Amino acid sequence: MNQHRELSGERLLERLTEIWPDGAPARVQPVFDDLRTALRVPDVPFPFRLLANWPPYLAFAVRQFSPFVRSLAFEAAADALRAEIAQALAAAARRERLEPLRPLVLREHELAPKIVLVLAAFAVGLRGRSTEPAPPLGTTLPEEEPLPVRPAELPRTIDERIAPLPDIRSLPEATRAALEELAALRGVPTVDDFSRALGVTDREALAQLVQLRQAQAATVDELRPRIGQLADRLVRRFTLPGGKVLPDFMVPPDDLPAILTAVETLQAIAREALIDVTLARLALDGVEAAKRSPYPVSQPVG
């Protein structure tokens with residue numbers, strides 16, 4: 001894969017093969033199973049179908065981080081991200097036209113912040129944690145760090161409340177114009193599951209999403225950097241899959257620049273999808289519902 005290392009993010013994604021579970025090689029299947037049961041979802045979300053082009057890296061990163069995805073702290077981090085975005089976009093109009101898409105909207109509202117957090121963890125791990133200089137003498141110290149996260153509190157399971165994706169492998173030609181318009185508004189390709197699922201199931205709803213996005217354009221521009229900063233801060237509580245040990249897990253060093261480019265590009269796409277699914281949830285149920293998980297974990301196991 002080192003032939004991809006000099007490509008821009010968008011060009012790189014164009015050259016990657018999307019690896020679906022039913023066609024994944026044997027060494028990727030257990031990684032996909034780990035992802036599904038950590039995220040409690042019946043299928044594999046889009047970033048990981050693309051990162052599976054680097055099986056040793058994906059296997060390492062998922063194995064290292066999935067126990068933290070199965071923690072109450074991670075669930076709380078996802079809700080913190082939901083609340084920040086919902087509050088910023090609270091003026092979104094109600095659209096009853098989206099009601100038939102409720103299972104899809106709730107599914108993606110459950111998953112989208114978690115995907116943003118997982119990708120942030122991968123990116124910070126690849127880049128390395130930045131260090132800050134010690135404060136001058138006499139400076140008031142910041143609050144104590146929160147208690148370490150207890151990993152693997154929650155069981156490996158699929159949440160039956162979360163709807164499966166429709167078949168999004170091929171998109172109707174009639175949806176391409178709306179997807180291109182949405183991509184232009186986002187500034188990134190529409191390869192995420194939410195926009196593609198809308199394109200397959202409901203073209204009018206896709207057009208509604210474009211309108212919602214246009215109405216919130218100024219707010220979205222201000223919100224983008226806040227999402228990245230908050231996600232980065234939230235994941236630093238966890239033990240991250242660091243890049244220094246990757247050669248020990250058979251990840252060629254020459255692949256690392258391309259992997260980081262792919263992760264950062266997928267971060268941008270996942271961020272935009274999270275904004276749009278939050279707009280859809282706000283349109284359906286209002287701001288208080290959009291601030292929290294639609295499928296909360298009721299209690300830890302054990």
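Arg176 is found in helix α7, helices being DSSP runs of H or I with at least four residues, numbered from the N terminus. Arg176 is partly exposed because its relative accessible area is 35%; with a 1.4 Å probe and protein chains only, buried means under 20%, exposed over 50%, and partly exposed in between. Arg176 and Gly199 are 23 residues apart in sequence, while their C-alpha atoms are 8.0 Å apart in space.

The model is predicted, and its local features need pLDDT of at least 70, side-chain atom pairs count only at pLDDT 80 or more, and totals for chains, interfaces and linings use all residues. Residues are numbered from 1 along each chain as its sequence is written, and side-chain values use heavy atoms, with hydrogens and water left out.

Helix α7 also takes part in the largest pocket, where it supplies four residues, the largest share of the lining. A pocket here is an open set of points on a 1 Å grid over the protein atoms alone, where a 1.4 Å probe fits, with protein on both sides within 12 Å along at least five of seven lines; lining residues have an atom within 4 Å of a point. The space in this pocket is about 480 Å³, taken as that filled by probe spheres set on the points, which are joined across faces, edges and corners. Two elements give two or more residues to the lining: α1 (9-15) and α7 (176-186). There are 18 lining residues, and Leu171, Pro189, Thr190, Val191 and Arg196 lie nearest the centre of the pocket. By class, nine of the lining residues are nonpolar, two polar and seven charged.

Asp193 lies in helix α8, which covers residues 193-201. Asp193 counts as buried because its relative accessibility is 2%. What surrounds Asp193? Beyond its neighbours within four places in sequence, its contacts (heavy atoms within 4.5 Å) are Val44, Pro45, Phe46, Arg49, Arg107, Glu108, Leu165 and Ile168. The side chains of Asp193 and Arg49 form a polar contact of 2.8 Å, that is, a pair of N or O atoms within 3.5 Å, one able to donate a hydrogen and the other to accept it, with residues adjacent in sequence counting only if both atoms are side-chain atoms. The Asp193 side chain also reaches the backbone nitrogen of Phe46, at 3.2 Å. Pro47 is 146 residues from Asp193 in sequence, but 9.3 Å away in space, C-alpha to C-alpha.

Helix α2 (residues 29-39) is mostly covered, with eight of its 11 residues buried. Among the buried residues of α2 are Val31, Phe32, Asp34 and Arg36. Their cover includes α3 (46-51), α4 (55-69) and α6 (102-127). Just after α2 comes Arg40, with a positive phi of about 65°. Arg40 belongs to the loop between α2 and α3 and counts as buried because its relative accessibility is 8%. Met250, which is not a glycine, also has a positive phi of about 65°. Met250 sits in the loop between α10 (217-235) and α11 (256-285); at a relative accessible area of 66%, Met250 is exposed. Most residues other than glycine have a negative phi.

The largest nonpolar core has 102 residues, and Phe65 and Phe122 have the most contacts inside it. Such a core is a set of buried Ala, Val, Leu, Ile, Met, Phe, Trp, Tyr and Cys residues joined through side-chain atoms within 4.5 Å. Leaving out residues up to four places away in sequence, Phe65 touches Phe74, Val118, Ala121, Phe122, Phe238, Thr239, Leu240 and Pro241.

How values were computed. Nonpolar A, V, L, I, M, F, W, Y, C, P; charged D, E, K, R; others polar.
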